[in-house]
Amino acid sequence: NRPNTRLLIQVTRGVVMGIITISIMLNSWTLLPGVFFDTRSVILSVGSLYFGAIPSLIMTAICGLFRFYQGGEGVWAALSVILCSSLIGLGWRFIRRSHLKDITAMELYLMGIVVHSAMLLSMLVMPFSTALGVLSDISLPVMMIYPLVTILLGKLMSNRLSRRQAERLLTESEQKFRRYVDFAPDGIFLADLAGNFRDVNPKACELTGYS
């Protein structure tokens, strides 16, 4: 059941991230008819970095199909951006091989630079004159702003991972302590500063005769 549960969680994450990305795409900035810009590259790269292959594949497919449905002159460039963003995030995850909760702002910024350099290169899929005009308009704001947004989203994700790990460790510690107390061969009495008993183990009940 556990592998099935993990798979269901991963699929759910991919679908949710795909829906979030579509909502962002619906509020895109239109540079030219059929040429839209938004932060899907950030969502896809950071989502792939933190969630892994299955969620990445699902959200990439959802975004790609939606962008293809939108059509327009920039559709192939947009599909290239979607694919490159996800692949770079996944590649970064694979190469890193260490705890993502420890990722630094500088590393996230560097990933943002790589992702959005690929994004700008993807514009060359369009006719050269159109691509040249688009690049002259978007290159500076994209390279100034989008890597910073990558840092913000990435640090939000790493903080979330840190909290989840801390909660898991606390739960494991409490469970371990409970097992030690319950199976101890001696009676254990836990009292507060006022001398009121808050907990006892089964051996203590056996020794005293109380429930």
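Me: How many salt bridges does the structure hold?

Reply: The structure holds 7 salt bridges. Keep in mind that this is a predicted model.

Me: OK, take Glu107. Which side chain does Glu107 meet in a salt bridge?

Reply: That would be Arg96, with N and O 2.7 Å apart.

Me: What about Glu172, which residue does it form a salt bridge with?

Reply: Glu172 pairs with Arg168, and their closest N and O atoms are 3.1 Å apart. Both are in helix 6, which covers residues 128-183, and being 4 residues apart puts about one helical turn between them. Glu172 is partly exposed at 37% relative accessibility, and Arg168 is partly exposed at 42%.

Me: Which residues are linked with Asp182 in a network of salt bridges?

Reply: Arg178 and Asp199 are linked with Asp182 in that network. The side chains of Asp182 and Arg178 meet at 2.9 Å, N to O, and these two both lie in helix 6, about one turn apart. Asp182 has a relative accessible area of 28%, which makes it partly exposed, and Arg178 is partly exposed too, at 30%.

Me: Switching to helix 4. How many residues does it have, and how far does it reach?

Reply: Helix 4 has 22 residues and reaches 32 Å from its first C-alpha to its last, close to the expected 32 Å. Just after helix 4 comes Arg97, with a positive phi of about 55°.

Me: What covers the buried residues of helix 4?

Reply: The cover includes helix 2, helix 3 and helix 5. Among the buried residues of helix 4 are Leu79, Ile82, Ser86 and Trp92.

Me: Now the surface. Which residues form the nonpolar patch?

Reply: Leu7, Val11, Val15, Ile19 and Ile54 form it, with about 360 Å² of accessible area together. Helix 1 gives the most to the patch, with 4 residues. Val11 is found in helix 1, and it is partly exposed, with a relative accessible area of 30%.

Me: Ile24 is in helix 1 as well. What does it touch?

Reply: Leaving out neighbours within four places in sequence, Ile24 is in contact with Asp38, Thr39, Arg40 and Ile43. Ile24 counts as partly exposed, at 22% relative accessibility.

Me: Let's zoom out. How many helices and strands are there?

Reply: The protein chain has 7 helices and 4 strands. From the N terminus, the elements run α-β-β-α-α-α-α-α-β-β-α.

Me: And what does the C-alpha trace span?

Reply: Along its principal axes, the C-alpha trace spans about 90 × 35 × 30 Å. The chain's radius of gyration is 25 Å, while a compact globule of 211 residues would be near 17 Å.

Me: Last one: how much of the chain counts as buried?

Reply: Of its 211 residues, 36% count as buried. The chain exposes about 12,700 Å², and carbon and sulfur atoms supply 67% of that.

How values were computed:
Residues numbered from 1 in each chain as written. Predicted model: local features only at pLDDT ≥ 70, side-chain atom pairs only at ≥ 80, totals over all residues. Heavy atoms only, no water. Patch = residues over 30% accessible without salt bridge, like charges linked within 9 Å, V, L, I, M, F, W, Y side chains within 5 Å. Areas by Shrake-Rupley, 256 points an atom, 1.4 Å probe, with all protein chains shown as cover. Salt bridge = Lys/Arg side-chain N within 4 Å of Asp/Glu carboxyl O. Buried < 20%, exposed > 50% of the residue type's maximum accessible area, 1.4 Å probe, protein only. Rg over C-alpha atoms; globule rule 2.2 N^0.38 Å. Contact = heavy atoms within 4.5 Å. Expected span 1.5 Å × (residues − 1).
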